[in-house]
Amino acid sequence: MSRIGNNPVAIPEGVTVEVNDNIISVKGKLGELTQEFSGVSVKVEDGQAFVTRPSDSKEHKAKHGLYRSLITNMVEGVSKGWTKELELVGVGYRASNQGQKLDLALGFSHNIVFNLASEVKVETISEKGKNPIVKLTSHDKQLVGHIAAKIRSFRSPEPYKGKGIKFVGEILRRKAGKSA
C-alpha cells in the first residue's frame with residue numbers, strides 16, 4: 001500500500017500556496033495553477049503543505065495520495081516547469097513551428113497543422129542525420145502530457161520498423177517480420 005499521501009509537500013522559495021474552501025491555488029515565477037479538491041483537508045504551515053484524510057475509507061485513502069501528488073506537481077510546475085520531448089522517426093518526417101502553430105509532415109498527403117494552447121511553449125529541433133524532435137514546455141503537467149499524447153496519436157509508432165512519433169527515451173516493443 002502506498003503511503004505517499006502522508007509525506008508533506010515542500011514549498012520552495014518564491015512559490016505561494018493558498019487554500020480557500022475547496023480550492024488550492026499555487027503561484028510561482030512560471031505561472032499560476034488552481035485545483036479543486038474534496039474528501040481531504042489541506043494545511044499550509046512552515047513552508048510545507050500537509051494533506052490529511054478524515055477516515056480510512058477506500059475513497060479517502062485514494063484521494064489522499066491523489067491530491068498530494070497533484071499539489072506536488074503544481075508546486076514543481078510553477079517553480080521549474082515540465083518538459084516533454086517527442087521524436088519523429090521515419091523517412092521524410094519533419095516538424096516546424098511558427099509561434100503556437102506546429103506543422104508536421106508525417107507521410108500523409110497533407111501536412112498536419114496543430115494549434116497549441118498559449119500556456120505551452122513549443123520548440124522544434126532538426127539536425128542533419130538525426131530525427132526531428134518536438135520539445136513542449138509548460139508549468140501545467142497535465143496540459144503538457146495531454147498535448148504530447150495528442151501529437152503522438154497523429155502517427156503512433158508501429159512495431160515492425162518503429163516509424164512514427166515516440167517520446168524521447170521510450171522503448172518500443174519490436175516484432176519480427178515475415179519469415180520466408
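Which residues does Ile-151 touch, not counting residues up to four places away in sequence? In this predicted model, local features need pLDDT of at least 70 and side-chain atom pairs count only at pLDDT 80 or more, whereas totals for chains, interfaces and linings use all residues. Residues are numbered from 1 along each chain as its sequence is written, and side-chain values use heavy atoms, with hydrogens and water left out.

Ile-151 touches Leu-86, Leu-102, Leu-104, Phe-114, Leu-116, Leu-136 and Ile-165, a contact being heavy atoms within 4.5 Å. Together with Leu-104, Val-134 and Leu-136, Ile-151 is among the residues with the most contacts inside the largest nonpolar core, which has 20 residues. Such a core is a set of buried Ala, Val, Leu, Ile, Met, Phe, Trp, Tyr and Cys residues joined through side-chain atoms within 4.5 Å; buried means under 20% relative accessible area (1.4 Å probe, protein chains only). At least two residues of this core come from each of strands S7, S9, S10 and S12 and helix H2, and H2 gives the largest share, 5 residues. Helices (H or I, at least four residues) and strands (E, at least two) are DSSP runs, numbered from the N terminus. Another core, of 18 residues, lies apart and includes Val-26 and Val-78.

His-139 is placed in the loop between strand S12 (133-138) and helix H2 (141-153). His-139 is buried, its relative accessible area being 13%. Leaving aside neighbours within four places in sequence, the contacts of His-139 include Leu-30, Val-78, Trp-82 and Glu-119.

How values were computed:
Buried means under 20% relative accessible area, exposed over 50%, partly exposed in between (1.4 Å probe, protein chains only).
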